[in-house]
Amino acid sequence: MLTVLPIFMATALMFAMLPGPDFALIVRSALLHGKRHALFCSLGIATGFSVHSTLGVLGLSAVIAHSPVLFTAITWAGAAYLAWLGIHALLARPAKPSEDADLSSEQAKPAPGHFSPAQAFRQGFLTNILNPKVIIYFITFFPQFVVQDADMSVTSQLMVLGACSCLLTGGWFIFLSLMLAKVRRYFESETFRRWLERITGIIFLGFSVKLLASSS
């Protein structure tokens with residue numbers, strides 16, 4: 001088990017770094033709403049990933065993947081949510097940076113309609129949990145690193161692999177959030193923010209169409 005763990009962690013980190021809906025969501029959240037929102041979004045993604053990991057260990061991911069009804073339902077739900085994010089971004093009117101910058105005072109209160117950290121967490125969670133490709137990832141990738149004659153049981157090995165993968169995924173998006181937050185001040189013009197909304201909106205719509213196309 002210990003011999004394959006470094007290879008697994010390197011490969012899992014590479015998969016986490018691949019551009020996808022989670023990546024686009026973090027970029028949008030960090031550059032438009034700031035570090036705090038991006039970190040909550042990262043925690044939402046990590047939580048969704050941990051749910052997928054738990055389902056994979058329990059064998060429920062395989063059940064979902066081999067059930068046309070369940071897998072199609074998740075696919076359509078994920079595509080619909082990505083489409084909603086895309087349309088919402090295209091129709092959004094970004095607030096001025098001074099209105100949604102990270103709060104430095106504990107007494108500062110968000111304005112009505114403010115995009116809250118709880119909403120950021122929910123977006124990250126739903127974007128990940130409704131992604132059927134993560135289900136496929138667990139049932140195809142994880143078994144390759146299970147050592148049959150190891151001292152640990154298969155279930156225990158899957159739990160270790162799942163925990164490592166969750167930590168790597170969450171750690172990567174937290175790191176990405178912090179790095180993007182550092183350069184956010186260079187992209188606070190209203191024109192950039194408007195174009196970022198449009199571009200990410202198109203990207204989310206593209207992911208939605210791609211998800212539906214791959215399922216068919």
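Q: Helices (H or I, at least four residues) and strands (E, at least two) are DSSP runs, numbered from the N terminus; which helix does Val57 lie in?
A: Val57 lies in helix H3. This is a predicted model, where local features need pLDDT of at least 70, side-chain atom pairs count only at pLDDT 80 or more, and totals for chains, interfaces and linings use all residues. Residues are numbered from 1 along each chain as its sequence is written, and side-chain values use heavy atoms, with hydrogens and water left out.

Q: What is Val57 in contact with, leaving aside neighbours within four places in sequence?
A: Thr155, Leu158 and Met159, where contact means heavy atoms within 4.5 Å.

Q: New topic. How many salt bridges?
A: Two, counting a side-chain nitrogen of Lys or Arg within 4 Å of a carboxyl oxygen of Asp or Glu. The side chains of Glu197 and Arg28 form such a bridge at 2.8 Å, N to O.

Q: Which parts does that pair tie together?
A: Glu197 is in helix H10 (residues 190-215) and Arg28 in helix H2 (residues 21-33), so the pair links parts 169 residues apart in sequence.

Q: At what angle do H5 and H8 cross?
A: Roughly 135°, for H5 (residues 68-91) and H8 (residues 132-141), whose axes come within 9 Å. Axes are lines fitted to C-alpha atoms, for helices over the stretch in contact, and angles run from 0 to 180 degrees between N-to-C directions.

Q: What does that make them to each other?
A: Oblique, therefore: angles under 35 degrees count as roughly parallel, over 145 as roughly antiparallel, 65 to 115 as roughly perpendicular, and the rest as oblique.

Q: Which residues meet there?
A: Phe71, Ile74 and Thr75 in H5 meet Pro132, Ile135 and Ile136 in H8.
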